[in-house]
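Subject: Structure handover

Hello,

Here is the structure I promised to pass on. Please open it first, then read my notes below.

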Amino acid sequence: MERFNGQAVNRSQPSVGDNEVFDLDSGYLSSVRACGHHAKQASFFNDMIDVRLLRTEPEAVTAALGRRGVTSAEVEALIAADRSHRELSARRDRLRAQVKEISRQVADARRSADSKLAEQLTARSREFRSEEQALAAEASAQADQLQHLLMMTPNIPASECPEGLSDQDNVVLRQYPETIPPSRECQRVPHWEVGARLGILDLEAGAKMSGSMFPLFKGDGSAMLRALTSFALDHHRDAFLEIRPPTLVRTETMMSTGHLPKFADDAYHLERDDLWAIPTAEVPLASMHRGEILREEDLPELLCAATPCFRREAGSAGRDTRGLLRVHEFEKVELFAFCTPEQAEEVHGDILARAELLIQELGLAYRVLDLCAGDLGAASARTFDLEVYAPGCDRWLEVSSISWCSDYQARRANVRFRSPGGGTAFVHTLNGSALAWARVWAAVIETYRQDDGSVSIPKALRPYMGGRDTIS
RNA sequence: GGAGGGAUGGCAGAGCGGACGAAUGCGAGGCUCUUGAAAAGCCUUGGGGCUGCGGCUCCCGUGGGUUCGAAUCCCACUCCCUCCGCCA
């Protein structure tokens with residue numbers, strides 16, 4: 001599928017899940033494949049991992065989710081809720097069937113003018129009905145409970161994910177350049193100082209308007225942000241369709257990507273209109289085909305969007321508060337794909353390659369991390385992070401996170417495709433930033449700082465900044 | 001903000017109280033015919049749960065109500081569309 005991989009970088013990318021997607025027995029796998037045909041009932045059965053897997057392979061699911069820190073008690077609660085829900089609805093259905101049968105008899109009795117019998121039957125039916133209603137209420141409460149548990153459960157990690165429960169266990173796959181050259185004296189100034197001195201970053205002004213961690217860029221600082229966006233969009237234009245989505249979205253839209261219900265505290269919510277400010281363009285893009293059945297020949301569908309991103313950063317108070325290390329609002333170019341399960345590995349590699357290539361063209365040092373099972377985002381089955389090195393603050397800054405979400409989001413958003421055989425199956429979704437600008441901006445400013453205090457503009461950006469080569 | 005209209009299977013669209021899980025058309029799959037293709041004809045074509053694997057049953061935006069019986073009647077909610085007003 002070279003057609004969507006115009007700029008192959010080195011092909012030594014890691015293997016992102018071979019065909020044995022989950023490292024379990026083949027029965028498990030075939031059940032993964034076989035159960036793509038039941039996405040109709042939007043209420044319970046298309047959320048997160050497949051409920052059927054829970055029934056058929058409870059140990060495998062428990063083990064797989066255990067790798068990312070879900071306790072077996074939690075999985076058991078899920079299984080119990082499912083069982084209880086099925087029992088209740090089966091009983092309810094049996095009662096409904098009886099009511100139905102009786103009403104048929106009523107019709108007969110009426111026809112044969114047997115009003116006494118009709119009377120009796122009616123009375124019995126009423127009893128059944130009230131019993132049915134009680135049971136229906138129970139069943140629906142149980143359904144809500146199951147639904148809730150399902151929505152809270154994260155995706156099953158790919159077997160290739162490194163073991164581990166925290167970011168300590170992430171694996172550095174490679175570094176570029178292999179050995180980071182020692183930074184020169186002039187590079188050892190943090191970007192907030194460089195930015196302030198050159199008048200291109202005014203954190204105080206941003207704080208005045210909106211509070212701390214809302215940066216304000218000025219002059220060439222702002223221009224460089226625009227340049228980065230144009231540079232990236234042009235870069236991906238060969239294969240990715242540019243989208244400018246809304247940045248305020250509904251609750252369902254946030255649910256689909258796995259950002260809700262569990263992580264509500266991380267997002268900005270507009271209470272009056274019940275809309276959420278997107279934390280990433282992945283959110284609206286994943287809902288672009290909500291409820292649709294795509295044609296297999298249209299896959300992979302590759303999308304690209306530049307949007308602002310909003311994050312409350314709750315729970316990280318006091319950490320990384322300097323400069324642009326952690327901000328509430330930043331701009332980002334996001335790549336997103338809908339594809340078949342078979343295409344996913346290649347698309348994942350392609351997005352990673354594109355993000356890497358951008359960093360290389362910007363002349364920044366970076367490394368690629370393979371996130372361990374415990375550090376994955378809720379929706380992801382496998383994630384690679386890209387971190388650029390910022391010599392001024394002497395830190396690695398995460399500027400991209402490239403995730404394969406298998407069918408987790410597709411299930412929640414109910415996005416399927418029809419294969420030539422006629423059947424439907426959930427698509428796979430992938431996303432990755434290419435790239436998140438605030439931190440890239442910081443790394444560029446620090447890396448390109450010169451002895452005289454000016455900052456030279458990376459060659460790749462000069463065409464987008466009127467051909468100039470220096471910010472001074 | 002105001003006034004209307006609508007939500008049914010992959011899509012379009014009928015059904016307006018009793019055999020409707022749902023007509024019809026299109027699409028899709030299979031078969032026949034053909035050197036092949038087209039055309040034509042025949043058949044199949046939503047999903048869940050239970051099951052003694054022969055079936056049974058539930059689901060017509062969501063939730064309530066009326067009724068012996070609801071896709072069909074009533075109420076509420078959600079979403080979509082049209083028109084008017086206001087505004088970039």
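Which residue follows α4 with a positive phi? A113 does, with phi near 55°.

Some ground rules. This is a predicted model, where local features need pLDDT of at least 70 and side-chain atom pairs count only at pLDDT 80 or more, while totals for chains, interfaces and linings use all residues. Residues are numbered from 1 along each chain as its sequence is written, chains are lettered from A and ligands numbered from 1 in the order in which they are written, and side-chain values use heavy atoms, with hydrogens and water left out.

Helix and strand names follow DSSP runs, numbered from the N terminus (helices: H or I, at least four residues; strands: E, at least two). Helix α4 covers residues 72-111. Its 40 residues should span 58 Å, and the end C-alpha atoms are 59 Å apart, which agrees. The expected span is 1.5 Å times one less than the number of residues.

Next, the sheet. It is open and antiparallel, with three strands in the order β3-β5-β4. Strands pair if DSSP finds at least two bridges between them. The edge strands are β3 (248-249) and β4 (269-270), each pairing on one side only. Two bridges join β3 to β5 (residues 275-277). V249 has W276 of β5 as its bridge partner.

Aromatic pairs come to six. The rule takes Phe, Tyr and Trp rings (for Trp, the six-membered ring) with centres within 6.5 Å; planes under 30 degrees apart are stacked, over 60 edge-to-face, the rest tilted. F214 and Y268 make a tilted pair, 6.5 Å centre to centre with 45° between the planes. F214 sits in the loop between α7 and α8, and Y268 in the loop between α9 and β4, so the pair ties together parts 54 residues apart in sequence. F214 is buried at 15% relative accessibility, whereas Y268 is partly exposed at 23%. Buried means under 20% relative accessible area, exposed over 50%, partly exposed in between (1.4 Å probe, protein chains only).

Now the interior. A nonpolar core is a set of buried Ala, Val, Leu, Ile, Met, Phe, Trp, Tyr and Cys residues joined through side-chain atoms within 4.5 Å. The largest has 72 residues, and L386 is among those with the most contacts inside it. A second, separate core of 16 residues includes L285 and F336.

Last, the cysteines. The whole structure has zero disulfides (cysteine sulfur atoms within 2.5 Å). The sulfur of C186 is 15 Å from its closest cysteine sulfur, in C393, too far for a bond.

Best wishes
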